[in-house]
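Here's a quick briefing to read alongside the picture. Take a moment to look over the fold, then work through the notes below.

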Amino acid sequence: MSRFERRIGMNWNSHGAKQGLEAASRRFPLLSLKIRSRALKDETFRGICADLADAETALASVDRLPPHLREERRAEFEDMIESLALEIKQCLT
């Protein structure tokens, strides 16, 4: 945990927070400062970002599923990612 994280009482590695912020920043690179600022004060927002990272990870591993499940799961994860991205964008505007 960095000095900054200790000062604000937050561990960016907890509960996928770091991965979530990275996922949100990849999706909205021009809003990365706003993403970090919002995450500092909003646990719910951090959770949405973490969910986005988890959905991206699940989508990346969909090809390991049995063939009869792949397309359905791919569509499910893509929809989830789009929904979470929209939710993040709404939080930032």
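At roughly what angle do the axes of helix 3 and helix 4 cross, and within what distance do they come? They cross at roughly 125 degrees and come within 6 Å. Keep in mind as you read that this is a predicted model.

**The overall picture**
- The protein chain has 5 helices and 0 strands, so you can read its elements from the N terminus as α-α-α-α-α.
- Of the 93 residues in the protein chain, 30% are buried.
- Take the contacts between residues at least 6 apart in sequence: 60% of them join residues at least 24 apart.

**The nonpolar core**
- As a bit of background, nonpolar side chains tend to be buried together in soluble globular proteins.
- Here, the largest nonpolar core is made of 17 residues.
- Ile35, Phe45, Cys49, Leu52 and Ile88 are the ones with the most contacts inside this core.
- At least two core residues come from each of helix 2 (17–27), helix 3 (32–41), helix 4 (43–60) and helix 5 (67–92).
- Helix 4 gives the largest share of the core, with 6 residues.

**Helix 3 with helix 4**
- Back to the opening pair: with axes crossing at roughly 125 degrees, helix 3 is oblique to helix 4.
- On the helix 3 side, the contact is made by Ile35, Arg38, Ala39, Leu40 and Lys41, and on the helix 4 side by Glu43, Phe45 and Arg46.
- Sorted by class, this contact of helix 3 with helix 4 has 4 nonpolar, no polar and 4 charged residues.

**Helix 4 with helix 5**
- These two helices, helix 4 and helix 5, pack at an angle of about 155 degrees, and their axes are 9 Å apart.
- Helix 4 and helix 5 are therefore roughly antiparallel to each other, as angles over 145 degrees count that way.
- The crossing in which helix 4 passes helix 5 is left-handed.
- Helix 4 brings Phe45, Ile48, Cys49, Asp51, Leu52, Ala55, Glu56, Ala58 and Leu59 to the contact.
- Helix 5 answers with Arg74, Phe77, Glu78, Met80, Ile81, Leu84, Glu87, Ile88, Cys91 and Leu92.
- The residues in this contact of helix 4 with helix 5 split into 14 nonpolar, no polar and 5 charged.

**Helix 2 and its neighbours**
- Which residues of helix 2 are buried? They are Ala17, Gly20, Leu21, Ala23, Ala24 and Ser25.
- Those buried residues of helix 2 pack against helix 3, helix 4 and helix 5.
- Helix 2 and helix 3 pack at about 150 degrees, with axes 9 Å apart, which makes helix 2 roughly antiparallel to helix 3.
- Helix 2 and helix 3 have a right-handed crossing.
- Leu21, Ala24 and Ser25 from helix 2 meet Ser32, Ile35, Arg36 and Ala39 from helix 3.
- That contact of helix 2 with helix 3 divides into 4 nonpolar, 2 polar and 1 charged residues.

**A closer look at Ser25**
- Ser25 sits in helix 2 and is among that helix's buried residues.
- Setting aside neighbours within four places in sequence, Ser25 is in contact with Ser32 and Ile35.
- Ser25 and Ile35 are 10 residues apart along the chain, and their C-alpha atoms are separated by 7.0 Å.

Definitions and conventions. Residues are numbered from 1 along each chain as its sequence is written. This is a predicted model: local features need pLDDT of at least 70, side-chain atom pairs count only at pLDDT 80 or more; totals for chains, interfaces and linings use all residues. Side-chain values use heavy atoms; hydrogens and water are left out. A nonpolar core is a set of buried Ala, Val, Leu, Ile, Met, Phe, Trp, Tyr and Cys residues joined through side-chain atoms within 4.5 Å. Buried means under 20% relative accessible area, exposed over 50%, partly exposed in between (1.4 Å probe, protein chains only). Helices (H or I, at least four residues) and strands (E, at least two) are DSSP runs, numbered from the N terminus. Axes are lines fitted to C-alpha atoms, for helices over the stretch in contact, and angles run from 0 to 180 degrees between N-to-C directions. Angles under 35 degrees count as roughly parallel, over 145 as roughly antiparallel, 65 to 115 as roughly perpendicular and the rest as oblique. A crossing is left-handed if the near helix is turned anticlockwise from the far one by less than a right angle, and right-handed if clockwise. Contact means heavy atoms within 4.5 Å. Ala, Val, Leu, Ile, Met, Phe, Trp, Tyr, Cys and Pro count as nonpolar, Asp, Glu, Lys and Arg as charged, and the others, Gly among them, as polar.
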